[in-house]
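Thanks for coming. I will go through one structure today, starting with its aromatic residues and ending with the overall dimensions.

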Amino acid sequence: MHATPRFFTLIIGTEILNGRRRDKHFDFVREELARYGYTLSGNFVIEDDPALIVQTLKFLASQPASVVFSFGGIGSTPDDHTRKAAAIALRDGRLQTHPEARKIITERLEKMQVPNPEYPLRMAELPRGAKLLYNPVNGMPAFYLDDRFFFMPGFPEMSHPMVRWALEKILHYRKRTIHRRTLTALSRESALIDLMENLPKGVDLSSLPRVYSDGPRVVLSLSGSDKKQVEEHFEKIRKALEERRIPYSLSDEHDASRIEDDG
């Protein structure tokens, strides 16, 4: 992958949406990406619906330079649809026995003395060209395709070491340092929109308006990998505020306890 990768999480599980389980993947992936200077481009939480999984995977595959971390649905129970969905969305729709996966699973089942081993052995039926991800907990492998699509269990203790391995594989030579400058202006957001426009590619803007008991504030933040570029455009905004006599501080003064309403 030569283009700058864009990362997405796909969290599959009706139990997340109905509140029976809490998601533990989004924050983890976001924090791991930050270590390399990257952010998530999107996070999708969907139910255990085969058609929806297929459609979501097709959409994510259509995004330029996308890398997808998918959690859940790779097991052998009737509500585990991810293996087949991946085959439909990213291959020819067929699953085939992965010899190494079958060998690993068979050996694990023999040690565990599992009854009805034909059911767990379904986990060795994978899309064409699948490569295996090591499972540090019980040895049952997950899989990935094209060095871009990583399909892992929903259990964090199994999947999170896989994410770390994948990120090291993808980003080992791509680690970035992100530079950020932030200020808080005592103003309404609408009065500053002209200052936010026409920023160059590579400088990301964040504008967070708030209304407090003593008036409106806007937290403006510029970030990017080019420190000189970030500093240059941040300084333009700072000087414009001074020319307009808009008070500001070089900090993020967001204080949730004082918020009365969003701006």
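A search of the whole structure, which is a predicted model, finds seven aromatic pairs. Rings of Phe, Tyr and Trp (for Trp, its six-membered ring) count as a pair if their centres lie within 6.5 Å; planes under 30 degrees apart are stacked, over 60 edge-to-face, and the rest tilted. Tyrosine 144 and phenylalanine 150 make a stacked pair, at 5.2 Å centre to centre with 15° between the planes. Are these two buried or exposed? Both tyrosine 144 and phenylalanine 150 are buried, where buried means under 20% relative accessible area, exposed means over 50%, and partly exposed lies in between, with a 1.4 Å probe and protein chains only. Tyr144 and Phe150 also belong to one aromatic cluster, together with Phe7, Tyr38, Phe69 and Trp165.

A word on conventions. Residues are numbered from 1 along each chain as its sequence is written, and side-chain values use heavy atoms, with hydrogens and water left out. Because the model is predicted, local features need pLDDT of at least 70 and side-chain atom pairs count only at pLDDT 80 or more, while totals for chains, interfaces and linings use all residues.

Next, helix 6, which covers residues 156–171. Helices (H or I, at least four residues) and strands (E, at least two) are DSSP runs, numbered from the N terminus. Methionine 158 lies in this helix and is buried, at a relative accessible area of 10%. Leaving aside neighbours within four places in sequence, methionine 158 is in contact (heavy atoms within 4.5 Å) with Asn135, Pro136, Val137, Asn138 and Pro153.

Leucine 33 is 131 residues from arginine 164 in sequence, yet their C-alpha atoms are 9.3 Å apart.

Helix 4, residues 82–90, is largely enclosed by the rest of the structure, because seven of its nine residues are buried. Those buried in helix 4 are Thr82, Arg83, Ala85, Ala86, Ala87, Ala89 and Leu90.

Now two backbone points. Most residues other than glycine have a negative phi. Asparagine 198 has a positive phi, near 65°; asparagine 198 sits in the loop between helix 7 (193–196) and strand 10 (204–212) and is exposed, with a relative accessible area of 74%. Arginine 245 has a positive phi as well, near 55°. The loop holding arginine 245 runs between helix 8 (227–243) and strand 12 (248–249), and arginine 245 is exposed at 78% relative accessibility.

Last, the whole chain. The protein has eight helices and 13 strands. Its radius of gyration is 23 Å, well over the 18 Å that the globule rule gives for 263 residues, so the protein is more spread out than a compact globule. That radius is taken over C-alpha atoms, and the rule is 2.2 Å times the number of residues to the power 0.38. The C-alpha trace spans about 75 × 40 × 30 Å along its principal axes. Of the 263 residues, 42% count as buried. Among contacts between residues at least 6 apart in sequence, 69% join residues at least 24 apart.
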